[in-house]
Amino acid sequence: MAHIRLKFMLFLLFVHCTFIKAQQQVEHSDSTLMQEVSVNGQRQRISYRLDRQKVDASQVLTAGGGTAFDVLRAVPGVVVDADGSLSYRGSQEFLVYVDGKPSPLSGTEALQMIGAASIKDIEILTTPSAKYKTDGDVGIINIVTKRSETDGWDIAVNGTASTWGTLSLDTKINYRTGHHNIYIGGQGSDIHNKSQFEQEKTTSANGTTVTSYADGTRFRDFRTFVGNGGYEFNNAWHRFNIDLQGGRTINPRGGDMTYLTNQSPDLLDSHDRYKLTKYLFQTAIDYTWKLNERGDEINVSNRFRYDRFSEEYTESNMFDLNGARQEGTRGYETEHHWDCDGAFSYKLHYRQTGTLELGYQYTTYSEHGDYRICYWDLPQQDFVWQDDLYAPFYYRRQTHSEYAQVNDRIGPFQFDAGLRIDHVIDDMDLPTITSRHRRYTELYPSTHLAYTTDKAGTFTLGYSRRTNRPGIWKLEPYITYEDYHTRIIGNPDLESEYIHSMELSWRKMFGQTQVTATVYARRRTGIVDYVRRAYEPGVTLDSIINAGNGWRKGLELQVTTKPTKWWQLTANGDLSFHNFRATYEGCTSTHNTTGTVGWINNFRLAKNTALQFDGHFVSGHHLTQGWEKAYVYFDLAARQSLLQGKLQLGLVAHDIFHTARYHSLRTSEFLSSETWVRPTYPNIVFSVSYHFRQPSAKAKEGAISKEAEFVGKDF
C-alpha cells in the first residue's frame, strides 16, 4: 500500500506541472450562474447550487426552540415516523456533517444535537460528488452553524422549554481579531417525544395462536451534554482550524403498556426500557495552503473520535396488577470504539473557471465489547444470567479511497465530474458465534451539469453511485428486546446495499414568484430492511435482511411567492412511485404511490414581529410487509425581536388541531399486527435567544471577516 501512495503523490506532482504549462486564461463568465435568488429582499426558505439545496434556518419559525431535525421538517420529501425518526425520500440512511466535519453522532441523533437557534443553513447533497464519502443512499446533510463575521466579541445564548418537559440551553463565545478566531461553547438538552400507543397483534407459532391487545404510552428522549472549542487562523495563504468536542449523550426510549391476551382474562402491566449511553471525545484538524495567486492549494485534514465507554441497555418487564413481576429480561451491550479519518487533496486551477482536484482519504473504525443477558426466574424470584448467550465481539472496518474531480464553467454551462475508488477491509469476530472477513474494491462515479439562461431559468442534472454498508449493530446475530413481545436480531451475512441516484431540477423566477421542480430516481439493489415474523406464541422477531431490489421515482415541486408585502407563501409537495421486488421469503413485492404536501405561510405583522402557519399532509404508503395510513398536521409559530434584534422570543405550537397519527398494519402468513400511535397533546415550545456583539475598533472602521462555507471537505 505504501508504494501505491508514493506513486499517487508523484502523479499529483506530474499533473501540477503539466497543467501549469497548459494553463489558459478565459474571460470571466456570468457570475450569477448559480446565485441564490431572493424575493423582495427576503432570503428564500430553500435555495439551490450545482450539487445541493440549502435551507435557511432563520426562515423556519416552526423550528423555534427545536433542533436541526425541526428545520428539515419543512423540506419536501421529509417524513417523521411514529418513533420520531426522520426519513428523506423514503430513507433514513444519510451522513450528517457539522460545518463540514462529520458529526460525532449519526442519523436523527446527530440532528437532535444542534439547536435551531445556532444554525445558519442546512445543506442537503442528494447526489454528492466523488470527493465525498459514499455512505448514505440519500446523501449528506451538512449543518452550517452561525459564525462571527466581525472582529471583536460575539456571544450567543439560547434556551428552550416545552409542555413535553423538553429543556435545553446552549451558549457560544467567540472572539475574532485579525487573522485569529477563538471560540468555546457548550450544550445541554433533554428533548422529549411522547405518544399514545395501541396495538392489536395475532401470532401463530408452534401450533398456538395468540391475540394480544396493548394500550399505553411510549416515549423517546435525546439527552446531550457536549462542550466544544477551537481555534482558527485564516490569511491570504494559509487556513488552519483545530476543533475539540467532548461530552455525554443518553438516548432512552420505552413504553408503559397494559396487555390483555385471548389466552388469559387477566390484565398485565408491561414496562420496557432502552437506553444508549455514550461518553465521547472528538478532535478535528484542517489545514489548507494556497500555493500561488492563481489559487492552487493543498489541503490536509484529520479527525479522531473515541468513545471511552458506551453501553446499550435493554429492559423488559411484565407485572400482574398487584405489582408482582411475572417475567423480565435485562440486556447489556458494553462497548468501546474509536474511528479516525484523514485526507490529503491537491486542487489545481488550470484556468480561471476550471479546477482539477485529486485526493486520498482513509477511514478506520474499530469497536470491541460484549453482550450479556439475564432472565427473570419466577421460582427463584431473581434475575439469572444466561451464560450460554454471552457474546464478546470485535469489529473493524478500514476504507482507503482515491478520487479525481474536475469542475468548470463554459458560458452558461457549469459542470463537475469525478471518480472515486474505495478499497474496503471489513472484519468481525464473535468468538462464541461466528466471524466475517471481507476485502473488496469498488468504483463510485459522479457528475453534475447546470445550464442557465434568462428566459428558460436554470436546469441542473446530477448523478452519483452510493452504498449502505452494514455496521456492527446490524450484523450481531443475537436477540435483543424492543419490548417483551417484540425481539430483534442482526444478520452476519448481510450484504451492502447499492444505490444509483439521479436528479433533474428546473427553477425560474416569474416576477415575485420562484418555481422549482425536481425529478429524481433512485435505483436500490440489496435493500436492507427488517422483516417481522412470529417467533413464539404472542412474540414476534424482527430480522434484518436484504429484502430485495427497487426503484423510487419522484417529483418535487415548490412555489414561493409574496401575495402582499407582509405575506410570503410557500407551497411544496412531492409525489413518488415506489416499485419493490422482494427476493426474500416473507417479504411482498409492492407497487405504490406516496407523497407529501406542505403549505407554509410567513406573515410580517410588524417590523419585529413574525408569524408562521404551516399545514402538512403525508399520504399513505406501503411497508415491506404492510401499509401505513395518511395523516395531516398543522403548526403555528410566532417570533418577537427586542433590543434591536439582540433578544428574540419564540413560541411554537405543534399539531395544534391534534390530527397527527400513525396507523400501520403488518401482515404475513403467521402474523397480523395493527398499530395506532398519536403524539401527546399539546406540544408547545417556548424559546429565548440572546445575541451580543461587541465589535473591535478595527471592525467598527469597516474591516470584516467572511464566513467559511462547506465546499467539499470530507473526512
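## Close-up views of a predicted model

**View 1. Asp408 and its polar partners.** A polar contact of 2.6 Å joins the side chains of D408 and Y350; a polar contact is a pair of N or O atoms within 3.5 Å, where within protein one must be able to donate a hydrogen and the other to accept it, and residues adjacent in sequence count only if both atoms are side-chain atoms. The model is predicted: local features need pLDDT of at least 70 and side-chain atom pairs count only at pLDDT 80 or more, while totals for chains, interfaces and linings use all residues. Residues are numbered from 1 along each chain as its sequence is written, and side-chain values use heavy atoms, with hydrogens and water left out. The side chain of D408 makes a further polar contact, of 3.0 Å, with the side chain of T353. D408 belongs to strand β19, residues 391-410; strands (E, at least two residues) are DSSP runs, as are helices (H or I, at least four residues), and both are numbered from the N terminus. Because its relative accessible area is 6%, D408 is buried; buried means under 20% relative accessible area, exposed over 50%, and partly exposed in between (1.4 Å probe, protein chains only). Not counting residues up to four places away in sequence, D408 touches Y350, R351, T353, G354, F413, Q414 and F415, where contact means heavy atoms within 4.5 Å.

**View 2. Thr134 in the loop between β7 and β8.** T134 lies in the loop that connects β7 (119-125) with β8 (140-145). With a relative accessibility of 3%, T134 counts as buried. Its side chain makes a polar contact of 3.0 Å with the side chain of D422. Among the residues that T134 touches, leaving aside those up to four places away in sequence, are R420, Y444 and R469.

**View 3. The salt bridge between Lys133 and Asp341.** K133 forms a salt bridge with D341, and their closest N and O atoms are 3.3 Å apart; a salt bridge is a side-chain nitrogen of Lys or Arg within 4 Å of a carboxyl oxygen of Asp or Glu. K133 lies in the loop between β7 and β8 and D341 in strand β16 (residues 325-351), so the pair ties together parts that are 208 residues apart in sequence. Both K133 and D341 are buried. By this rule the count comes to 34 salt bridges.

**View 4. Two further salt bridges.** In the pair of E495 and R438, the closest N and O atoms are 3.0 Å apart. E495 is partly exposed at a relative accessible area of 40%, and R438 is partly exposed at 23%. The side chains of E536 and R487 also meet in a salt bridge (3.8 Å, N to O). E536 lies in strand β26 (residues 513-536) and R487 in strand β24, so the pair ties together parts that are 49 residues apart in sequence. E536, at 30% relative accessibility, counts as partly exposed, whereas R487 is buried with a relative accessible area of 7%. Salt bridges that share partners join D135, R420, D422, E442 and R469 into one network.

**View 5. Strand β9 between its two partners.** Strand β9 (residues 152-162) runs antiparallel to strand β10 (residues 167-177), to which 10 bridges join it; two strands pair if DSSP finds at least two bridges between them. β9 and β10 form a hairpin with four residues between them, and G165 in the turn has a positive phi of about 90°. Strand β37 (residues 683-695) is also antiparallel to β9 and is joined to it by 11 bridges. The bridge partner of A161 is L167 in β10 and F686 in β37.

**View 6. Tyr365 in strand β17.** Y365 lies in strand β17 (residues 354-377) and, at 19% relative accessibility, counts as buried. The side chains of Y365 and E367 are joined by a polar contact of 2.4 Å. Residues touched by Y365, not counting those up to four places away in sequence, include H337, W338, Y395 and W473. The C-alpha atoms of Y365 and W506, 141 residues apart along the chain, are separated by 40 Å.
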